[in-house]
Amino acid sequence: MIRSEVIKSLLPVLSGHFVVCNIGLPSQELHMMGDQPTNFYMLGTMGLSSSIGLGVALAQKQKVISIDGDGSVLTNFGTLPTIANNVADNFVLFIVDNGSYGSTGDQPTYAGKKTSLAAVAKACGCENVVECQAKDAAKTLQAALDSNKMTVIVCKCESGNIKVPVITMDPVTIRDRFMGELKARNA
Amino acid sequence: MSISKKLVDDMVNNGISFVTTVPCKQLGGVIEEVDKHPDIYHIPSNKEDEGMGLCAGAFMGGKRSAIIMQNTALGVTVNTLATLIQYYRMPLPMLISYRGELGEPVACQVEMAVHTKAILAQLNIPTYHFHDAADSEEFDKILKYTFMCNKPVAILTDASFWKGY
């Protein structure tokens, strides 16, 4: 399974949940296959999906899922100790680990070589770290949401991309509808 | 009242309840006040762009946020300021120590000081420079301005303002 198939398999679990989605193809795939007002698409700023998601989770009570990538986590490695030391049990970091920088042409990442993101997350102090295979992505994410414990999921999958249109929605619209849903849900 | 306490009180009085910090010797007193204030969730970050991501998230989650950082790191935040904070129109007060100004003992700090205002100007970020203690009187208005216009706003605080290092 490649990332777009993993994201497709997650759609029933993501439905109705607040999702912060990584820049580039992950956001474009999620937007094409399962757009909903509770999705926040990153149009820029590689690496910050986990930081934005943690910020949303710490600020309010709704569950938040950050969809991230191995390359993006490597870009913002400092995020893992911050997550570990600021526990938000309404937060799940879902890392699609395809061992490559998919949006830029599938150049290999170190996560696809010697570096284990799950081991790094554990070493940083994250208490609930699960590594799963692509076929188990949906049930692993569902279990993490049901556990009400902050969880880091590293989902191993194959490298590869499908053709997807870019997101033309205005960033302020993306932000505004996300915040509107969040405000309504917390009211 | 110490200047550090006054600045943090102004933040709280403007509804700021989520503050991320990256340490600077000059800002030690402010960071201490942030850390002990019961109405602020203090989340130290490992890098300034990470901190801005946390602030962006907290803002969307309904909390007013702010970042406290050193000017030497401004360069690494340019992409985040342009493609996250400004692109999505988010307010972000940036309380920044302005290292490399008069009184600076470390020569290398000057190398980023000479670029600090130029980078902020290039990004069209409203910038205020606190040099005398009395300049902090404007902080409350600057915060109100930030949340009025939904922009990142920089407040540079130099060594003269902090009465040395």
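Which residues point one way from strand β3(B), and which the other way? Please keep in mind that the model is a predicted one.

Arg64(B), Ala66(B), Ile68(B) and Gln70(B) lie on one face of β3(B), while Ser65(B), Ile67(B) and Met69(B) point the other way. In a regular strand, side chains alternate between the two faces of the sheet. Both sets in β3(B) are buried. Strand β3 of chain B covers residues 64-70, and seven of its seven residues are buried, so the strand is largely enclosed by the rest of the structure.

I shall take the pairings in turn. Strand β1 (residues 16-21) of chain B runs parallel to strand β2 (residues 41-44) of chain B, and four bridges join them. Within that pair, Phe18(B) has Tyr41(B) as its bridge partner in β2(B). On the other pairing, β1(B) and β3(B) are parallel and share five bridges. There the partner of Phe18(B) in β3(B) is Ser65(B).

Opposite Ile67(B) stands Met94(B) in β4(B). The chain passes from β3(B) to β4(B) through helix α4 (residues 78-86) of chain B, in a right-handed β-α-β crossover. A right-handed β-α-β unit is also made by β1(B), helix α2 (residues 28-36) of chain B and β2(B). Strand β4 (residues 92-97) of chain B then runs parallel to strand β6 (residues 152-157) of chain B, with six bridges between them. Met94(B) has Ala154(B) as its bridge partner in β6(B).

Next, a helix pair in chain B. Helix α1 (residues 3-13) of chain B packs against helix α6 (residues 139-149) of chain B at an angle of about 35°, and their axes are 9 Å apart. The crossing of α1(B) past α6(B) is right-handed. From α1(B), Leu7(B), Asp10(B) and Met11(B) meet Phe139(B), Asp140(B) and Leu143(B) of α6(B). By class, this contact holds four nonpolar, no polar and two charged residues.

I turn to chain A. How many of the ten residues of helix α2 (residues 25-34) of chain A are buried? Seven are, so the helix is largely enclosed by the rest of the structure. The buried ones are Leu25(A), Pro26(A), Ser27(A), Gln28(A), Glu29(A), Leu30(A) and His31(A). Their cover includes α1 (3-14), β1 (18-21), β2 (39-41), β3 (64-69) and β4 (91-97) of chain A.

Leu117(A) lies in helix α6 (residues 117-123) of chain A. Leu117(A) counts as buried because 23 other C-beta atoms lie within 10 Å, against a cut-off of 20 or more. Leaving aside residues up to four places away in sequence, Leu117(A) touches Asp70(A), Val73(A), Ile95(A), Asp97(A), Ala111(A) and Val154(A).

Two asparagines concern the backbone. Asn148(A) has a positive phi of about 55° although it is not a glycine, and its place is in the loop between α7 (137-147) and β8 (151-156) of chain A. With 10 other C-beta atoms within 10 Å, Asn148(A) is exposed. In chain B, phi of Asn150(B) is also positive, near 55°, and this residue sits in the loop between α6 and β6 of chain B. Asn150(B) is partly exposed, with 15 other C-beta atoms within 10 Å.

Finally, the interface: 27 residues of chain A are in contact with 25 residues of chain B. On the side of chain A, the elements giving two or more residues are α3 (49-59), α5 (79-85) and α8 (171-186). The residues on that side divide into 13 nonpolar, twelve polar and two charged. Thank you.

Note on methods
Residues are numbered from 1 along each chain as its sequence is written. Chains are lettered from A and ligands numbered from 1 in the order in which they are written. This is a predicted model: local features need pLDDT of at least 70, side-chain atom pairs count only at pLDDT 80 or more; totals for chains, interfaces and linings use all residues. Two strands pair if DSSP finds at least two bridges between them. A crossover is right-handed if, with the strands pointing away from the viewer, the path from the first strand over the helix to the second runs clockwise. Two residues are in contact if their C-beta atoms, placed from the backbone, lie within 7 Å. Ala, Val, Leu, Ile, Met, Phe, Trp, Tyr, Cys and Pro count as nonpolar, Asp, Glu, Lys and Arg as charged, and the others, Gly among them, as polar. A residue is buried if 20 or more other C-beta atoms lie within 10 Å of its own, exposed if 12 or fewer, and partly exposed in between; C-beta atoms are placed from the backbone. Axes are lines fitted to C-alpha atoms, for helices over the stretch in contact, and angles run from 0 to 180 degrees between N-to-C directions. A crossing is left-handed if the near helix is turned anticlockwise from the far one by less than a right angle, and right-handed if clockwise.
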